[in-house]
Amino acid sequence: MTDAAAEKIEKLRNEIRRHEHLYYVLDKPEISDAQYDALMNELKRLEPAHPELITPDSPTQRVGGKPAEGFKKVRHSRPMLSLDNAYSEEEMADWDRRVRELARDLPVEYTAELKLDGLSVALQYQPEETGGARLAAGLTRGDGQIGEDVTSNIRTIRSVPLSIGADKLKKTGLPPSIEVRGECVMPAAAFERLNREREREGLPPAVNPRNAAAGTLRTLEPSIVANRRLVLYAYFLLVNGEYWPQGQAATLDALTAMGFRVNPHRGRMTSIDGMMQFIEKAESERATLGYEIDGVVFKVDAQATQQRLGYTGRAPRWAIAYKFTAQQAITQMEDIMITVGRSGKLTPTAMLRPVFVGGVTVSRATLHNADFIERMGLKIGDWVKVERGGDVIPKVAEVVEDAEHPRGTRKFSFPSVCPECGNAVVREEGEADWRCVNADCPAKLRESLLHFGSRGVMNIEGLGEAAVAQLLERGLVKSVADLYSLTEEQLVDLERFAEKSARTLLAEIRNSKKAGLSRVLMGLGIRFVGERTAELLAAEFGSIDAIMAASREELERVEEVGPRISEAIEDFFARPANRALVQALKDAGVEMTAEKKQRSAELAGLTFVLTGTLPNLTRDQAKQKIEAAGGKVAGSVSKKTSYVVAGEEAGSKLDKARELKILVLDEARLLALLEARPPAQ
C-alpha cells in the first residue's frame, strides 16, 4: 500500500505544482480555484496518513511555523549593490558613451528590463539527493552586505519554486548550488484587497505596494504572508558567488526554464535610440501592468564586458536605472521647520498640506538650504509644486502663483541661533550651509545615535527614533559609546520595551561590535567620509590607531582621498573629545581593525597610467597588480607619471607620454617590472 500511496501522492503533487506554475508564473490557469482547492485538499488528506512520505518541497509545506526568535541576519554571498540612476536621454547617452569607451573592443549590447518597485531578495538553492536543488534560504537585501533570513516567508510565495528538478538543471547546464535574485512585489489587486481588509478592521490604509510588500515579507506570521499574494520576479543568477557567465539575456531564459517567474517585458538593443524607444513604451504601458514600476533597468549583456567595466564604490558600471519623470502635485506650504543634523548642519524642511505624489502621501519636502529659500523667494503660505521621483526625497520644485493659488504673506527668516541648543550658528566661507558648532548640542547627539545604528552603518535593528528619544530623555546615553553599557534593567523601564524587546536590542548592540573598521569610521560621522572612503581607509591602514596617527600626506596616498577629506579626518582626530570617544568604543570591545591590503614596496612612489587593450590582463587586473606592488594608477598622463602601460589601440595618452618622454611599457615589460626586474630599454 505504501508504494501505491507514494505513487498517488507524488502524482498529485506534480499535478498541483503544474497548476501552480500555470497560475502563479505563466498567468495561464487551466482549472478553477475550486478545482485547485480540491486537489490540494486531497493531498492534505493523504499526507497525514503517510507522514514518512511528506517532503519539504510538497505544496502543502509552503506555510510553516513562525521563526522562534525573529529573523537572524546573514551576510550575502556577494553584495547586493544599488544602481546608478539616469533621468534624461542626455544622461543615458553619457552612460552609453562611457560604457563604450571602457569596453573598447568588447561587444556592447544591452538587455532592458522593467524596474520593479518592490523588495530585492536572494534565494539560495542547495543540492538534493535526486540531483536537483531545494530552496535552502531566502534573504532580504538589508544594507546590501547583510540581509535578514526570511526563508519561512519566502516559501509561502507561490511563484518561488521550492525545488528545481535535475532535468531542468541539466537542460540549463547549471549546478544544483545556485543563487537566484529577484524583486518581490505586491500586485495592485492584492494591494487593494489588503487596504479593504485594513479598512474593515479600522486600520489606516497601507501607503503604497512597495512598503506593503516590504512589511509583509518581514511579518513573523507566514500564514499572513501567504494570504497577501506576493509575487517574485527573478532577474539575476549566481554560481559560486559570481554572475552566470552566459550573459543577462541567457540568464533570464535559464530562470524561465527552471520555473521562475521572469518579467515578460524585456528587450535587447545596441543603441541609445533603441533604449529610449523601450523607455517610452514602458512608460506608456505603466498603468496597465497590474504592479508598480518606477523605471527601466539596462544591463550590458555580455559578462566579459561587465568584468572589464567593473564597479564604482556602490554600483556596477555595466548597469543603470532610468527613472521615470518625477511625479508632481500642487499643495500649500504651511510652515518651514529647521532640523539639526549630526554634523550640526541646519536643514530647512517645507511642512506641507498632505498631498498624494507618486504613490506616497507627502507632508514634508526638502528646501536644501537658506540660499535655496531666498532664490525661490519662498514665503510661508505659498502654493508650491512638489515632485517625487523613485526613492528621491520629495522636493519643492517651484512656486505656483495664479488666481487659484495666491502667494503667501509671511516671509521666512533663517535662524541665527540653533533651534535645539540656542547657540549661535555659523556659515564658513564658500559653503551654503549654516551649522551649529556646539559640541554638546542635543540634536547632534540624537542624529549621531540614529546614524550610528542605521542599517548601512552599525546595523543596530531597533535603535529607532522612539528608542533614541527615550534614551536621551532619561540621560542613559551621552555618546554612541554609552550604547554598549546599557543594561536590560534600564531598557525595560522605557515605554514599549518588554524583556524580549530589551534583550533583542542588547543583542543587536553586542553584534554591532563586530561590524568592522569601515563601519565604525562611518559611524563616527567624520565629514566627507562615506562608505567608499571608509572602506579604502580601512584597507589601507588596517586599524583606527594607524588612521589617527596618519599625516595628511599619508592619508592622501589613499585612493580617492584628497586635501578636503584628509583635512576633515585630521581635524576630527585632533579633537580630544573624539579621541576619547574612540577609546571608549575600544574599551567597550568594538572591533576597530581590518584586514590590511598587502602592499609590496617594490613600486612605492611610482605612478602608472593604463591605455589601450592589453593581450591578457584586463585594465582592472593590471591596476590591482600595480597597487598590490605599492604603485599608484592615475587616469591621466602628467609630468608626475612614472610609466605609461600601453596596449592595442592606445590613444591620446600614449601620444602625451611620448611628448613628455615618459617610459612606455607593454604588458610583458609591466609584468617584468612587477617581478622586480628592471624593464629593458
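**Reading exposure, backbone and packing**

Mentor: Asn240 counts as exposed, because its relative accessibility is 74%. Buried is under 20% relative accessible area, exposed over 50%, and partly exposed in between (1.4 Å probe, protein chains only). This is a predicted model: local features need pLDDT of at least 70, side-chain atom pairs count only at pLDDT 80 or more, and totals for chains, interfaces and linings use all residues. Residues are numbered from 1 along each chain as its sequence is written, and side-chain values use heavy atoms, with hydrogens and water left out.

Trainee: Where is Asn240 placed, and what is its phi?

Mentor: Asn240 lies in the loop between S9 and strand S10 (242–243). Its phi is positive, about 55°, although Asn240 is not a glycine. Helices (H or I, at least four residues) and strands (E, at least two) are DSSP runs, numbered from the N terminus.

Trainee: How do I read two packed helices?

Mentor: Two packed helices are described by the angle between their axes and the distance between the axes. Here the axes of helix H3 (residues 89–103) and helix H10 (residues 272–285) come within 10 Å and cross at roughly 140°. Contact means heavy atoms within 4.5 Å. Among the residues making this contact are Met92 of H3 and Met275 of H10.

Trainee: Which residues have the most contacts inside the largest nonpolar core?

Mentor: Nonpolar side chains tend to be buried together in soluble globular proteins. A core is a set of buried Ala, Val, Leu, Ile, Met, Phe, Trp, Tyr and Cys residues joined through side-chain atoms within 4.5 Å. The largest one has 74 residues, and Met92, Leu123, Tyr125 and Phe298 have the most contacts inside it. Strand S9 (residues 231–239) gives the largest share of this core, nine residues.

Note on methods: Axes fitted to C-alpha atoms, helices over the stretch in contact; angles between N-to-C directions.
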